[in-house]
Amino acid sequence: LTIMGDSGVEASPSPAESTAEQDSLVSMTDVFLVSLIVGLFTYWFFFRKKKEEVPELPKIQSVAAPVRDSSFIEKMKKTGRNIVVFYGSQTGTAEEFANRLSKDAHRYGLRGMAADPEEYDLSDLSRLSEIDKSLAVFCMATYGEGDPTDNAQDFYDWLQEADVDLTGLRFAVFGLGNKTYEHFNAMGKYVDKRLEELGAQRIFELGLGDDDGNLEEDFITWREQFWPAVCEHFGVEATGEESSIRQYELVVHTEVNMNKVYTGEMGRLKSYENQKPPFDAKNPFLAQVTENRKLNEGGERHLMHLELDISNSKIRYESGDHVAVYPANDSSLVNQIGEILGTDLDTVMSLNNLDEESNKKHPFPCPTSYRTALTYYLDITNPPRTNVLYELAQYAADTGEQERLRKMASSAAEGKALYLSWVVEARRNILAILQDMPSLRPPIDHLCELLPRLQARYYSIASSSKVHPNSIHICAVAVEYETKTGRLNKGVATNWLKNKVPKENGSSSLVPMYVRKSQFRLPFKPSTPIIMIGPGTGIAPFIGFIQERAWLKQQGKEVGDTVLYYGCRREREDYLYREELARFRQEGVLTQLNVAFSRDQAEKVYVQHLLKKNKEDIWKLVNEGNAHIYVCGDARNMARDVQNTFCEIVAEFGNMSQAQAVDYVKKLMTKGRYSLDVWS
């Protein structure tokens, strides 16, 4: 048909030519149409046959529906366990507590196992009563603003939707939280309440650990009352066995193929050499640092802006998300530990789990060297917990030092006080303890077994993906302080980042990272006003927010009022992003720029003072403009003071009592109009 049409455009043929052409065209058309009909019929016939097979596919899929690796019930039966300790852990502490509780069980003639809820089908909880003297314990951390940790998200979703009878299930919950946050221990409280609603029997009261106080002491206090309750419930007694039990055995590799040795990778061997998306906590992307500049003009602190290149990573992010980075410990600290313990740090070894049924074959990727383990995998800078001191005590040759370590690991009031002052408040890390206890010389493999994993550090992203799709920006302050013992302690990640100098293809400028999604989001409608409060490095996500609002304005969108309350110590010292903010203000993207310089005058001025000063304007934006409020920074003081200020403004202009104003602000939070991105 196209040929006919095309030929008709060319020139007008004579009548004779036209008749001859039509005859030939008819015959050609007949052949073409017949061929087309036969072809279509053949295609339709085969296609229809395939369609008839389609209904069979769902049956095949349903038979091979994705299942978990194994049932924790079957595993417990197979290995003779009767206590399972699930952990919801973001930074490793809840996992550590779960491991300690599962190890405790043997002292009472019971057998425990720690379990990641992400690896099992938790609907099996209804079958736990099939096992004699069975108990489920939950060590649940709360992340962010009352959220479950990443590995407990599926469990949380299941609990919310579950319509299951858990009668016969015995349980106990220990929550890990921080009182400076609005939703203190929300996850622990929810799991405890929900399990009871589903018919399960609580055998010991909910424990609420507070990381703003002394989380370790909270855990020990709860644990020392928890086990007697378990004994009473099951009619068992403590065996009195307090001996150290090794969980892993050391294997030293004398002849090893170095291509099979881990050199810092988090998951897959050689994943840093052969990068494959998607990138996440177990498979971080190695991002090149393309910019690292000091932001402050003076003062003792080092505030910095870094830019990480994520080109070709397929990583996507939104303004308000967090970037997680895996740091490395200072090599001088690692070397000093090696020297004190008289160890060749380049020895290649593996620590293999003595429990062959355990999902966790090694405490960190193995085989590897002691140097790699102490640099990339183990936390050597935080004060060790009491269980580490207890296990190490046996290696102190001096009886006085041995007794001191055991006392600090005990539940006696005197021991707790000593641990608090000598370890926690003095900020003694493992190196400082080894230095201050000359007779304490543990085998390095046992020390590596006991130390917790070095965790990723999270930073609020200081850029918008609309403006910077191929880079992620970080704003951070290098942590450095003197301890009570006169030692200089440095923050692991911030000092490591500080030394990341942009270099062409240099490994010294590579940062293992991934993106963690956040609920800290700009309003759906660009025309909605926003009030941002972020002193210090709390300004980070708001740089991204303002960049995005500027981009939306360039796209011709109507952008609502964009109001910033920022604070720093001194105008000429640590006013971060001064030039960028001035430009945004000049361009009209930033409707208001309110800056509090806390130390530039006799009386300290903070962001909450500026909020009070502009209270009428604030109320108008919130009440009439339906503004969204965002707070980022210190949770302990700033976030609380800012929230109290908002309550005062609401009470005054909304003609409400204090209680009504508090309720009003909480409703703003529930509706997503008052968002927090805070840390302590």
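**Contacts, helix packing and a parallel sheet**

Biologist: Which residues does D634 touch, not counting residues up to four places away in sequence?

Modeller: This is a predicted model. D634 sits in strand 22, which spans residues 628-634. Leaving out residues up to four places away in sequence, D634 touches A639 and W679.

Biologist: Is D634 buried, partly exposed or exposed?

Modeller: Its relative accessible area is 28%. Buried needs under 20%, and exposed needs over 50%. The value for D634 falls in between, so the class is partly exposed.

Biologist: How far apart in space are D634 and T180, C-alpha to C-alpha?

Modeller: In sequence, D634 and T180 are 454 residues apart. In space, C-alpha to C-alpha, the separation is 9.2 Å.

Biologist: What is the order of the strands in the open sheet of five strands?

Modeller: The pairing in this open sheet is parallel. From one strand to the next, the twist averages 10 degrees. The five strands have the order 21-20-19-22-23.

Biologist: Which strands stand at the edges?

Modeller: A strand with a single partner strand has one side left without a neighbour in the sheet. That applies to two strands, at 592-597 and 674-679. The edges are therefore strand 21 and strand 23.

Biologist: In strand 21, which residue is the bridge partner of V563?

Modeller: Strand 20 covers residues 562-568 and runs parallel to strand 21. Six bridges join strand 20 to strand 21. In strand 21, the bridge partner of V563 is Q592.

Biologist: Is T93 buried or exposed?

Modeller: T93 is found in helix 5, residues 93-104. Its relative accessible area is 14%. The cut-off for buried is under 20%. T93 is therefore buried.

Biologist: Leaving aside neighbours within four places in sequence, which residues is T93 in contact with?

Modeller: Contact here means heavy atoms within 4.5 Å. With those sequence neighbours left aside, the partners of T93 are L176, L215 and R385.

Biologist: How do the residues of the contact of helix 9 with helix 10 divide?

Modeller: The crossing of helix 9 with helix 10 is right-handed. V334, N335 and I337 of helix 9 meet R371, L374 and T375 of helix 10. By class, these are three nonpolar, two polar and one charged.

Biologist: At what angle do the axes of helix 6 and helix 7 cross?

Modeller: Helix 6 is residues 153-161, and helix 7 is residues 186-197. Their axes come within 11 Å. The crossing is left-handed. The angle is roughly 40 degrees.

Biologist: How many nonpolar residues does the contact of helix 6 with helix 7 have?

Modeller: Helix 6 brings F155, Y156, L159 and Q160. Helix 7 brings M187, Y190, V191, R194 and L195. One residue of this contact is polar and one is charged, while the nonpolar count is seven.

Biologist: What percentage of the residues in the chain is buried?

Modeller: The chain has 23 helices and 23 strands. Of the contacts with a separation of 6 or more, 75% join residues 24 or more positions apart. Among the 680 residues in the chain, the buried share is 49%.

Technical notes:
Residues are numbered from 1 along each chain as its sequence is written. This is a predicted model: local features need pLDDT of at least 70, side-chain atom pairs count only at pLDDT 80 or more; totals for chains, interfaces and linings use all residues. Side-chain values use heavy atoms; hydrogens and water are left out. Helices (H or I, at least four residues) and strands (E, at least two) are DSSP runs, numbered from the N terminus. Buried means under 20% relative accessible area, exposed over 50%, partly exposed in between (1.4 Å probe, protein chains only). Two strands pair if DSSP finds at least two bridges between them. Axes are lines fitted to C-alpha atoms, for helices over the stretch in contact, and angles run from 0 to 180 degrees between N-to-C directions. A crossing is left-handed if the near helix is turned anticlockwise from the far one by less than a right angle, and right-handed if clockwise. Ala, Val, Leu, Ile, Met, Phe, Trp, Tyr, Cys and Pro count as nonpolar, Asp, Glu, Lys and Arg as charged, and the others, Gly among them, as polar.
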